[in-house]
Every structure is written in C-alpha cells, then in structure tokens.
Amino acid sequence: DDPESCTSESSDIVRGFWLGHGYEFEIIDTPGLNDSEGRDTEHIQNIVENLRDNKFVNMFLIVRNGHEIRMTNTYSDMLRTFEMIFGDNFWQHAVFDVSGSLKEKDFKTAKKWIREIRNKFPNAKKVKTVFLDVEDDEESFYTNVESLWQTCSKLPKFACKDIKLVLAEKDRLEEEKIKLAHEKKEAIMEMEALKEAKSQEVGEYEARLRDAKDMAEKAREEERKTAEK
C-alpha cells in the first residue's frame with residue numbers, strides 16, 4: 001500500500017489458518033517506509049530486530065492499493081531500502097499483492113508499475129504478483145487466495161540471520177542526497193553568474209565597438225571638412 005502505512009511498528013508473530021480452516025501459517029505485519037514523521041530509522045530497526053528473532057521467513061508480501069496510479073519515487077525508495085536490508089535475495093521472496101475493488105484500468109495500471117519495478121531493479125525481473133479483488137465472486141476470490149498460498153508454500157526459506165542492518169547507510173544516503181541537491185543549486189547559481197558576467201562582457205565590448213565606430217566616423221568627418229577647405 002502507500003508507504004505511509006497505518007502500521008506504526010512491526011507486530012508480534014500472528015498464527016492462524018489460511019482462509020480460517022486451511023494450512024497453518026505465521027505473519028508479521030510491518031510498517032512501510034518513507035514515514036511522514038521521519039521514523040524510517042526506527043521502523044527499520046524494528047523490522048530487523050523482529051525478523052532476526054525468527055529463524056526464517058518464506059515470503060515478503062508487499063500489499064499495494066490497486067487504485068494507486070503511479071510508481072512514485074517514494075515507493076521506489078522504500079523498495080530500494082528493503083533490497084539493501086535483505087540483500088539481492090529479497091526479490092526471490094517478494095510478492096506484490098494488488099488489492100481493492102479493482103476495475104479493468106486498475107489491472108492495466110498495476111501491470112505497468114510492475115514493469116517499472118522490473119526495469120528499475122535488475123533482481124526483480126521475476127517478481128510475482130497476485131490480484132485480490134474484493135468484489136470478485138466468492139469462487140474467484142478464493143481461487144486467487146489459494147494461488148497466493150501456493151506461491152508462498154513453494155518459496156524457499158529466507159534465513160533471517162542474513163539480514164543487513166543498514167540504518168547508517170540509509171542516513172548516509174539521505175545526507176548525500178541533500179549534499180548533491182545543495183551542490184546542484186550552487187552549480188546553477190554559478191552558471192547564472194557566469195552567464196551574467198559574459199552578458200556584461202559582451203555588452204561592454206559592443207559599447208566599445210560603438211564608441212570606436214563613432215570616433216572613426218568623426219575622424220572621417222574632420223578629414224572631409226579639412227579637405228574641403
């Protein structure tokens with residue numbers, strides 16, 4: 001869903017049965033990143049510590065609202081941070097769940113931003129997607145949910161001990177981003193100053209040229225008057 005998630009911290013492990021009566025499974029709900037209150041570092045720490053308490057997970061299920069139109073930079077940054085935390089193998093265990101009351105245009109839009117993700121992240125070329133339309137008839141909905149379970153059950157185990165703690169790296173990248181923006185601003189100002197100086201230099205040259213022409217014209221006029229005498 002939107003990176004500004006309603007979840008403020010990772011939940012404890014919740015155990016249940018698939019569709020209420022199927023296979024037993026466990027889930028940990030985690031917050032999205034790029035938090036509006038600047039709590040990303042806290043969220044990352046929470047996610048890492050929570051997952052490291054467990055031996056493995058099978059799937060990283062990324063739920064996205066099917067009505068989201070664009071793949072924003074904020075969303076891309078969130079995925080990039082997850083890739084940094086979990087390593088390149090993250091994409092082998094990632095599945096996008098596109099949910100909501102979906103229309104035909106929502107399916108097309110979702111497929112478009114999935115292509116964008118695959119283009120932006122080389123390791124995401126084979127990332128999987130499931131569509132859960134809440135307005136589907138019961139049979140279709142349960143078929144799609146069962147497909148999600150089959151995908152999850154076939155995924156290999158991801159060892160949580162391999163998770164990278166990248167809090168300092170994320171902060172460093174944020175500082176680097178600010179630094180680059182400042183350097184860009186300074187470069188633009190310097191270019192504008194150079195253009196202004198060049199324009200002034202050209203203006204002064206043209207003024208001197210006009211003065212020289214005026215002086216030459218006056219000299220010729222004086223020579224003409226002298227010749228007439």
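What follows is a tour of the strands, then the helices, then the core.

A word on the ground rules: this is a predicted model, in which local features need pLDDT of at least 70 and side-chain atom pairs count only at pLDDT 80 or more, while totals for chains, interfaces and linings use all residues. Residues are numbered from 1 along each chain as its sequence is written, and side-chain values use heavy atoms, with hydrogens and water left out.

Strands of a sheet pair through backbone hydrogen bonds, either parallel or antiparallel. Two strands count as paired if DSSP finds at least two bridges between them.

Let's begin with the antiparallel kind. Strand β1 (residues 14-17) and strand β2 (residues 24-27) run antiparallel and are joined by four bridges. Find R15 and you'll see it stands opposite E26 in β2. The two strands make a hairpin with six residues between them, and L19 in that turn has a positive phi of about 60°.

Now for the open sheet. Its three strands come in the order β4-β5-β6, with parallel pairing. β4 (60-65) and β6 (128-133) are at the edges with a single partner strand each, so one side of each has no neighbour in the sheet. From one strand to the next, the twist averages 25°. (Axes are lines fitted to C-alpha atoms, for helices over the stretch in contact, and angles run from 0 to 180 degrees between N-to-C directions.) Strand β5 (residues 94-100) runs parallel to β6 and is joined to it by six bridges; one of the pairs is V98 with F131 in β6.

What packs on this sheet? α2 does, touching β4 and β5, and its direction makes about 175° with that of β4. Contact means heavy atoms within 4.5 Å. Helix α5 (residues 138-154) also lies across β4, β5 and β6, at about 155° to β6.

Stay with α2 for a moment. How far apart should its ends be? The expected span of a helix is 1.5 Å times one less than its number of residues. For the 14 residues of α2 (residues 73-86) that gives 20 Å, and the end C-alpha atoms are 20 Å apart, which agrees.

Next, who is hidden? Buried means under 20% relative accessible area, exposed over 50%, and partly exposed in between (1.4 Å probe, protein chains only). In α2, the buried residues include Y75, L79, F82 and F86. H93, in helix α3 (residues 90-93), is buried because its relative accessible area is 3%. Leaving aside residues up to four places away in sequence, H93 touches N58, M59, F60, L155, P156, K157 and F158. By contrast, K108 in helix α4 (residues 104-120) counts as exposed because its relative accessibility is 56%.

Last stop: the core. In soluble globular proteins, nonpolar side chains tend to be buried together. A nonpolar core is a set of buried Ala, Val, Leu, Ile, Met, Phe, Trp, Tyr and Cys residues joined through side-chain atoms within 4.5 Å. The largest one has 29 residues, and among those touching the most other members are L79, F86, F90 and W113. The elements giving two or more residues to this core are α1 (40-52), β4, α2, α3, β5 and α4, and α2 gives the most, with six. A second, separate core of ten residues includes M59, V95, V130 and L132.
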